[in-house]
Amino acid sequence: MLRPLEAVAPPSPLETVDAQAACTDGKKEQPLSKMAATIDNSNAVQATKKKHLGIPEAVFVEDVDSFMKQPGNETADSALRKLDEQYQKYKYMELNLSQKKLRLKSQIPQITQTLEILRHMQKKKETTEPMETHFLLGNNVYCKASVPPTNKVCLWLGANVMLEYDIDEAQALLEKNLSTASRNLETLEDDLDFLRDQFTTTEVNMARVYNWAVKSRSKENLLKSADKS
């Protein structure tokens with residue numbers, strides 16, 4: 001019995017944006033090189049956004065005074081509360097992605113090992129000699145077994161479901177699953193790197209808002225002291 005990775009849905013392909021340059025009678029035509037650079041930059045930005053679809057990007061607060069004038073940021077405490085909620089959401093996303101990454105890292109070796117067994121069975125199916133192997137009875141309990149030449153194999157698909165395949169079909173399925181799992185693992189690692197950048201940006205924003213609040217209170221105290229004197 002071979003236990004492969006369950007079929008993993010491949011990530012959605014990135015959509016491409018067709019950029020069209022239009023020239024009117026009263027406008028000067030842009031050079032082709034400048035137009036191409038603009039199109040490439042636009043495509044790169046949109047591709048990055050779609051690549052991390054579902055993970056909101058943390059915007060760096062450059063002007064704290066303007067940020068504090070936005071709706072919902074009446075006080076420093078309310079602004080810090082919103083930033084902390086955003087930070088906790090990133091932590092929750094990181095936890096989910098890390099768990100998916102661990103599952104994939106444990107499943108990929110299983111698929112690789114199963115493929116090696118199938119390739120060995122491919123070599124043996126044309127012969128008349130049985131294949132000597134060890135059959136798993138329980139946790140760390142094996143027994144010696146003799147498998148006659150065959151062109152059929154049973155694969156676990158999950159949820160207590162097992163299907164019989166030809167060896168060629170099973171090998172093609174597992175190779176597809178291995179490719180998909182490896183690609184998904186790379187995507188998860190990129191998403192985790194992107195999340196770490198959002199952590200840093202959010203932490204910096206919280207520090208800037210906190211420092212702004214400290215300076216504001218200091219100014220208010222100085223004004224009160226000046227009025228009293």
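Mentor: Start with the term. A nonpolar core is a set of buried Ala, Val, Leu, Ile, Met, Phe, Trp, Tyr and Cys residues joined through side-chain atoms within 4.5 Å. Buried means under 20% relative accessible area, exposed over 50%, and partly exposed in between (1.4 Å probe, protein chains only). This is a predicted model, where local features need pLDDT of at least 70, side-chain atom pairs count only at pLDDT 80 or more, and totals for chains, interfaces and linings use all residues. Residues are numbered from 1 along each chain as its sequence is written, and side-chain values use heavy atoms, without hydrogens and water.

Now the core. The largest one has 26 residues. I55, Y90, L97, L118 and A170 have the most contacts inside it. Two or more residues come from each of α3 (76-124), β3 and α4 (167-228). α4 gives the most, with eleven residues. Another core lies apart, with eight residues, including V61, F67, L83 and V209. Helices (H or I, at least four residues) and strands (E, at least two) are DSSP runs, numbered from the N terminus.

Next, the loops. N140 lies between β1 (131-138) and β2 (141-147). N160 sits between β3 (152-158) and β4 (161-166). N140 is not a glycine, yet has a positive phi of about 60 degrees. N160, also not a glycine, has a positive phi of about 60 degrees. N140 counts as exposed because its relative accessibility is 74%. N160 is exposed too, at 75%.

Last, the cysteines. C143 is partly exposed, at 28% relative accessibility. C154 is partly exposed, at 29%. The structure holds zero disulfides (pairs of cysteine sulfur atoms within 2.5 Å).
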